[in-house]
Amino acid sequence: MLSALVAKRLVSGVCRESLRPAVVELVTTRGYKGEAPDDSRGDLIEIPLPPWTEKDGETADIKRRRLLFQSRKRGMLENCILLSLFAKQYLNTMNEPQLRQYDRLINEPSNDWDIYYWATEAQPVPDVYAGEIMDLLKEFTKNKDQEQRLDAPNLEYLDKGSQ
């Protein structure tokens, strides 16, 4: 009986100790300081993105399909939902200049948060992206009909539209 009690205490003590970090001092000194005032950001590497160029020789149908895909596959879920629903509603009705505007809007900025902030009117839209499509996107973002926009649309509507 006594040996079972000793064994139980020994095992529970070993289990508790194994959950603790072995070296506490080293753990507190690791990590990125982020926006700390004393951060020189000298450890960051700026990776330049290639400049956006318009795709020449692309038919309107191919451009619509590419833009639909690019609207669905964004760097952040908020834009994936917003832009894919916007594309579902408006992409098939856009003319060539509107398609070019939309292409530039979703592909030239390197930060998806910029597009989101412009669409939600949290930040002013730069002149280069201001226009008919941005105005349409801002109105769409207001969601005046209060639709539930929780996920990107299914792709079944593509087959119906091409028939």
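**Figure 1. Aromatic rings in a predicted model.** The structure holds 8 aromatic pairs, where rings of Phe, Tyr and Trp (its six-membered ring) pair if their centres lie within 6.5 Å. Such ring pairs link Phe86, Tyr90, Tyr102 and Phe140 into a cluster. Please keep in mind that this is a predicted model, in which local features need pLDDT of at least 70 and side-chain atom pairs count only at pLDDT 80 or more, while totals for chains, interfaces and linings use all residues. Residues are numbered from 1 along each chain as its sequence is written, and side-chain values use heavy atoms, with hydrogens and water left out.

**Figure 2. The whole protein chain.** Here you can find 8 helices and 0 strands; these are DSSP runs numbered from the N terminus, with helices (H or I) of at least four residues and strands (E) of at least two. Read from the N terminus on, the elements run α-α-α-α-α-α-α-α. Of the 163 residues in the protein chain, 29% are buried (under 20% relative accessible area, with exposed over 50% and partly exposed in between, using a 1.4 Å probe and protein chains only). Among contacts between residues at least 6 apart in sequence, 61% join residues at least 24 apart, a contact being heavy atoms within 4.5 Å.

**Figure 3. Helix 5 meets helix 7.** Two packed helices are described by the angle between their axes and the distance between the axes. The axes of helix 5 (residues 96–107) and helix 7 (residues 132–142) come within 8 Å and cross at roughly 70 degrees. That makes helix 5 roughly perpendicular to helix 7 (a word for angles of 65 to 115 degrees). Axes are lines fitted to C-alpha atoms, for helices over the stretch in contact, and angles run from 0 to 180 degrees between N-to-C directions. On helix 5, Gln98, Gln101, Tyr102 and Leu105 meet Glu132, Ile133, Met134 and Leu137 of helix 7.

**Figure 4. Glu58 in its loop.** Look for Glu58 in the loop between helix 2 (24–29) and helix 3 (60–72). Its side chain makes a polar contact with the side chain of Arg66 (2.8 Å). Not counting residues up to four places away in sequence, Glu58 touches Lys63 and Arg66.

**Figure 5. Glu121 and its positive phi.** Glu121 sits in the loop between helix 6 (112–119) and helix 7. Most residues other than glycine have a negative phi. Phi of Glu121, however, is positive, near 60 degrees. At 45% relative accessibility, Glu121 counts as partly exposed.

Methods. Angles under 35 degrees count as roughly parallel, over 145 as roughly antiparallel, 65 to 115 as roughly perpendicular and the rest as oblique. Rings of Phe, Tyr and Trp (its six-membered ring) pair if their centres lie within 6.5 Å; planes under 30 degrees apart count as stacked, over 60 as edge-to-face and the rest as tilted. A polar contact is a pair of N or O atoms within 3.5 Å; within protein, one must be able to donate a hydrogen and the other to accept it, and residues adjacent in sequence count only if both atoms are side-chain atoms.
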